[in-house]
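Biologist: I should like to go through this protein with you, one part at a time. Could we begin once it is on the screen?

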Amino acid sequence: MKLKSYFADTIEEAIRLARHELGPDAMLVNSQRAGVEARHLGCYEVVVCGETRDAGRTAASSSLSNVASLSPVASLQVDKLSQDLSELKQRMEKLALTLARSGRGAAGVAFDPELSRLFTRLTDAELDTELAYDLVGKLSSPISQTVLRDELAKLVSVDAELGCPGAPSRVAALVGPPGAGKTSALVKLAVQFGLAANKTVQIFTTDTYRIAAAEELRSYAAILGIGCQVLETPAALARAIDEVLRRDEVLRRDEGRPKDLILIDTPGLCRSEMEACEDLAKLLATRHADVDTHLVLPASMRAADLRRVAEQYAVFRPRKLLFTRLDETETFGPILSLSVRMAKPVSFLSRGQRIPEDLEPATTDMLLDLVLGPPSASLKYEVVAA
């Protein structure tokens with residue numbers, strides 16, 4: 001199985017060249033607009049996998065013949081392009097077996113111009129390539145915006161409830177890497193779902209690693225008029241949670257008091273520091289019945305880094321995903337892809353520093369709008385004439 005890039009002024013022309021060289025069983029792997037440095041080769045780049053015919057030239061020889069005529073400056077640009085293509089091909093090689101099993105879906109995407117452009121649209125939004133293939137493989141031309149949204153909505157999972165069902169109090173913990181925005185998100189949650197709802201709010205923090213982290217949270221708590229307790233060990237946190245749960249269960253039974261809100265802030269640790277929070281991870285991982293753990297991640301983080309950090313924090317067994325910094329990116333496919341791959345719902349979305357305005361409960365329509373654009377956007381594609 002070989003992977004090869006074809007450049008042409010239209011996707012259809014690139015696919016025709018691929019079929020001529022690799023045969024009718026060649027399958028589309030990816031299609032996108034060519035970068036500026038490669039625009040002279042064609043407006044579109046299409047990556048195809050298949051068996052190379054003996055009479056065909058290899059991708060390397062074709063690329064070298066084009067590079068030979070470039071100026072030194074352009075050659076440097078092509079070197080960067082070659083590196084990018086190499087990384088892309090490494091990712092695509094992992095998909096080869098999947099594509100071979102795709103049958104009708106892969107063939108349909110490869111040789112249907114509308115499906116091919118839709119696939120490009122989804123991957124331009126950085127939706128996971130396999131998810132994009134699975135989605136587009138279920139569709140057939142002509143494609144309406146409604147049909148596309150309905151199909152993508154089947155992948156979306158949201159849950160904007162704080163706390164675990166049946167627990168006497170709503171207890172939520174925020175975990176995540178350094179700089180993800182856990183503290184800001186926690187304060188926004190305290191205002192929106194505690195104070196605004198006339199609920200008693202208590203903050204616990206175990207972040208004694210970051211300089212002045214506890215003081216920052218204490219300052220927020222003082223301004224809001226809510227409790228803030230610094231707990232230096234996981235054992236102390238466990239005792240504090242149990243004490244609150246016992247107290248609130250009695251108060252709710254005797255006085256009909258509504259559930260309080262307890263929010264837990266945790267330290268942000270990089271991979272080399274994860275051993276330092278092993279006991280905290282075990283505590284939260286074993287309290288699924290009464291602690292609702294949200295993994296907080298920046299939406300502006302690269303897809304590969306999102307996956308890496310999510311794997312790193314899997315030891316906490318988070319129930320939900322909370323994304324921050326939506327205002328710092330224009331591509332939102334990675335957050336949906338991560339939710340699907342981890343089989344965990346998205347809880348809240350934050351797109352700024354204002355407290356509490358810049359945090360919203362996640363909804364299916366909100367995620368669809370981020371990935372596809374608003375429903376009013378027409379599902380049309382620009383076709384560049386050959």
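Biologist: Where is S31 placed?

Modeller: S31 lies in strand β2, which covers residues 27–33. Please keep in mind that this is a predicted model.

Biologist: Is S31 buried or exposed?

Modeller: S31 counts as buried, because its relative accessibility is 0% and the cut-off for buried is under 20%.

Biologist: Which residues is S31 in contact with, leaving aside its neighbours within four places in sequence?

Modeller: With those neighbours left aside, S31 is in contact with I11, E45, V46, S116, F119, T120 and T123.

Biologist: And how far apart are S31 and Y44?

Modeller: They are 13 residues apart in sequence, and their C-alpha atoms are 7.2 Å apart in space.

Biologist: You mentioned F119 and T123. Which helix of the pair α5 and α6 has them in the contact?

Modeller: Both belong to α5. Helix α5 (residues 113–124) packs with helix α6 (residues 129–137) at an angle of about 145°, and their axes are 10 Å apart. The crossing is right-handed. On the α5 side the contact is made by L115, L118, F119, L122 and T123, and on the α6 side by T129, A132, Y133, L135 and V136.

Biologist: How many residues of that contact are nonpolar, polar or charged?

Modeller: Eight are nonpolar, two are polar and none is charged.

Biologist: Why is α6 described as largely enclosed?

Modeller: Seven of the nine residues of α6 are buried, so the rest of the structure largely encloses this helix. The buried residues are T129, L131, A132, Y133, L135, V136 and G137.

Biologist: What caps the N-terminal end of α6?

Modeller: D128 does: one of its side-chain oxygens lies 3.1 Å from the backbone nitrogen of E130.

Biologist: Let us change topic. What does the side chain of T10 reach?

Modeller: It reaches the backbone nitrogen of E13, at 3.1 Å. T10 sits in the loop between β1 (2–8) and α1 (11–22). With a relative accessible area of 11%, T10 is buried.

Biologist: Now D290, please. Where does it lie?

Modeller: D290 is in the loop between α11 (278–285) and β8 (292–298). It is buried, with a relative accessible area of 16%.

Biologist: What does D290 touch, and with which side chain does its own side chain make a polar contact?

Modeller: The side chain of D290 makes a polar contact with the side chain of R287, at 3.1 Å. Not counting residues up to four places away in sequence, D290 touches C164, A167, V171 and L245.

Biologist: Is R308 buried or partly exposed?

Modeller: R308 counts as partly exposed, at 33% relative accessibility. This residue is in helix α12 (residues 303–312). R308 and R271 are 37 residues apart in sequence, yet 9.7 Å apart in space, C-alpha to C-alpha.

Biologist: One more helix: what span should α8 have?

Modeller: At 1.5 Å a residue, the 12 residues of α8 (residues 182–193) should span 16 Å, and the end C-alpha atoms are 16 Å apart, which agrees. Helix α8 is also mostly covered, with 11 of its 12 residues buried. Among them are L186, V187, L189 and F193.

Biologist: Finally, what about the protein as a whole?

Modeller: The protein has 14 helices and 11 strands. Of its 386 residues, 50% are buried. Among contacts with a separation of 6 or more, 77% are between residues 24 or more positions apart.

Definitions and conventions. Residues numbered from 1 in each chain as written. Predicted model: local features only at pLDDT ≥ 70, side-chain atom pairs only at ≥ 80, totals over all residues. Heavy atoms only, no water. Helix = DSSP H or I, 4+ residues; strand = E, 2+ residues; numbered from the N terminus. Expected span 1.5 Å × (residues − 1). Buried < 20%, exposed > 50% of the residue type's maximum accessible area, 1.4 Å probe, protein only. Polar contact = N/O pair within 3.5 Å; in protein donor to acceptor, adjacent residues only side chain to side chain. Axes fitted to C-alpha atoms, helices over the stretch in contact; angles between N-to-C directions. Left-handed = near helix turned anticlockwise from the far one by under 90°. Contact = heavy atoms within 4.5 Å. Nonpolar A, V, L, I, M, F, W, Y, C, P; charged D, E, K, R; others polar.
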